[in-house]
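Biologist: Could you walk me through reading a model like this one? I would like the general idea and then the case at hand.

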Amino acid sequence: MKRWIALGSAILLIAILVAWWVNSRQPKPVVLIPTLTGKPEYCLTCHSDVPQISPSHPVKTFGCVICHGGVALALDANLAHSTLRGGANPSDLSVVQESCGGSNCHSGAAADHNNHIQRVMTSVQSTYAGAITNILYTFGAQSDLTAHYGIRVVRDSQVTTSTGVRSLEAFDPAKATNPAIQKFAANCLVCHINAQPMAGAQFARFTGCAACHTPTQTPVSSSEYGGNQRKKLIHTLTTAIPYTQCNTCHNKGNYDLRTMTFVQRSDQPLPNDRLHNYYQPIAQFTQCEYTLDCIDCHTRTEAMGDGDIHSNEAQIQNIRCKTCHGTPTQLPLTKRLTDPNDIAFRQALLNPVVNLQLGDTVLVTDQGEPLWNTRILPDGTYQLVGKATDEVFTFRPVMGSGCTQNGIDQSSAYCHTCHAVLR
Amino acid sequence: MRPNFFHHLHPPTIPAKQSRWRYTLGAGGTAIFLMLVLGVTGILEMFYYIPTPEQAAQSIQTISYLVPFGGLVRNLHFWAAQLFLIVTAVHLVRVVFTGSYAPARRFNYLLGLALFVFAILLDFTGYILRWDQGIQWALIVGTNLIKTIPLIGNLLYIMLTGGTQPGLATLIRFYTWHIFGLALVAIILTVWHAFRVRRDGGIAVPPPHLRTDKERITRYELVRREVLAMLFSGAALILLAAFVPAPIAGPITDINAMSGEARAPWFFLWVQQMLKWGDPFVWGVLVPLIILVVLALIPYILPKPTNPELGKWFPRSNRFAQIVLAIIALLIIVLTIFGSLPAS
Amino acid sequence: MSDLSRRDFFKLITTALLAVSGALGLGALFRFLNYETEPPVKTEFDIGPVDQYPPGSRSLIAEVPAVLIHSPSGFMALSLVCTHLGCTVEQKEDGFTCPCHGSRYDANGNVLRGPAQKPLRALRVEITSDQHLILHTD
């Protein structure tokens, strides 16, 4: 019996040693108490190698849980991740209001056009109202070109523009009787920012806010871009969005209305230089259209919406060649920045490629939206700085040059007749 | 040697045959050991557990992940509790299958049965104290079952939950029940139960003039065997707790929004199955109560084991009682197995 | 070779094994009980811009608790935590008194009377680049 008790004691000791060993193998908890919440979180125990997402969202202030959700105290992966919002992407439109919204964050403004989440939820890129409306009209399912349906239900109680619509119902493929519309529903409903991207590395992007603001495509030629574009992990939010990110959806091909299919561009795999990569082979474009990034011209209202539901891309796309270059009889519209609270200063602060000062003159669109990366220097030079490249460009207004343009016709084909670049 | 306190708790000698592992399975003794583990680990958890709806799940996460050896303490408590139910059930089966409930041991049998009920309630109240999404189903259904009792159901519900729906008052009450209403009372009942074993003549054997085997072991040997059992089961428990964590889920955010899987704790899966058959009062309250009453009446109603047959397994004289218990046990096990299969 | 009998040998081994087990168990218990669940207390207090405290002022900062003195030689902060057993001392015209056991300090915090033996702690005062005063209690 004494032998058995000695053996039992030995086994007990072994068990206790095993328990100590298991305890020592547990990761040492790394605590973070963000100043915004005051509550401890332990995400960094495992995720300490994730870089800070942006200078505007410092880790010490925000922590992780305020955007991502999750169980703050858990060190077991399953439990910790069980309440994550939107999986790895809290900006997916289904959860964006809880993650990015709030009165102190991106949905706090009372005015529609300053409420980022409201703007995105009603923008054409997220409602897909333009394509849906046009298809329904073309194939006789509705009698006008005003949007009634979108990819999901959207309501807008604050309509400020003349083309804004109060609400959209969700387009229901089951109700389509026309075979063309049925085919549209089967093939084409993936063209909005909350849809999963098509298969293929060139289409890879996230959904929601991250579709644009999280760069997933490295630039074609890395020497063109500064170091801030090279990020190993995708935990990034930026306003310096390169054209390659827009091109995860755009310039990838054309839709064929007869067969209701998407025909990808013919030059696959994509060529490695900007001139040939940017637009598809059939496209016509000028020099600025391929040397600048999309966002160097297309404004925040164009890309993210103005808070109203529009029926067509044309109702929100305001940039014209004449916005920067003017017409033979008119200089481009400008605005002198006299108000320190002008939105141009906030935008320049977020992406400091220009040192915008009070009293600077910037170009504006017909709607009065400032192009904050442009300036008319004191000596009269027109200057634009690339938002994603930091490159400085100078350009001339059309007035006083040899241009024989009819100032009224601002369709792109018109300027392309003379200025289109040879590929 | 001079007997110490623990030696004195035991009789000077006991019959050798009935002291073998294969006779008692060590079930009663192991149950007491598990109670000891539960008490110590429970007290340790009380240093960190916070019984409010906002903090309960969080404090359990603190214990599981942040407190040094906290996870081990919690897992020990959990596994000791689940094993306790199994070991006490084995003990009940052993007592019936060896006819050890014959007079004068009938009252002690009832004490044991009461302790079994206490064990189940302790497991349930402990489960609720997690206050996370995994227990929500059981909390809502369990408390609503009380409401189905005719005449006094609503009154009992308010007594149990402290309000009109589960909330802060419920959690505090379950905490109080768990520690004082159930565990403390169970300790007292266990002491009484152990005392009655000695008072009723020790382990059940035929009277001396009918006994053929005269061999006995001393109290020293008995204590040694108990120490051995504690060493091995302690080691097994620690290894189990070190490698298999107790269940945990995200905190309850809205008491009415049930997001977890709709599952009873494993020891109530048989009741969950029966609840699918019809009236909740009949199948959720009445039938379990009837089973309990039948078990309680075994020593009083059914043919008793005769003296010559005491002290061995499967005596013929109380065969009917063995069959009754076997059927009840089998039904509960089968229902539990059905309940544990994934929902079709 | 000792003449330890086999019985005693096993007894020794068992005792040793159980002793080590017990020590490890107590060690685990000790570590278990020593965990702090509350976040560390605040040791830095931003009490506002410098011009809020004009020269010659003695301002009570209840949050710390401390008194901020703006003397000709600069800023000084005296902790109002009694050095005896930690009660908050009360400000009088010529010093401080502690309501708990009667300790008395002069206007500079030195002990005049009472069970306290050490003077009131001088807290470090920091002036930030944007002219805010920070009191440090560590």
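Modeller: Happy to! Chain A is divided into domain 1 (22–84), domain 2 (112–301) and domain 3 (318–419), with bounds that come from an automatic or database domain assignment. This is a predicted model, where local features need pLDDT of at least 70, side-chain atom pairs count only at pLDDT 80 or more, and totals for chains, interfaces and linings use all residues. Residues are numbered from 1 along each chain as its sequence is written, while chains are lettered from A and ligands numbered from 1 in the order in which they are written.

Biologist: How many residues of domain 2 of chain A are in contact with domain 3 of chain A?

Modeller: Two residues are in contact if their C-beta atoms, placed from the backbone, lie within 7 Å. Here, 17 residues of domain 2 of chain A contact 17 residues of domain 3 of chain A. The centres of these two domains, taken over C-alpha atoms, are 25 Å apart.

Biologist: What ipTM does the predictor give the complex?

Modeller: The complex gets an ipTM of 0.88 and a pTM of 0.85. Twelve residues of chain A are in contact with twelve residues of chain C.
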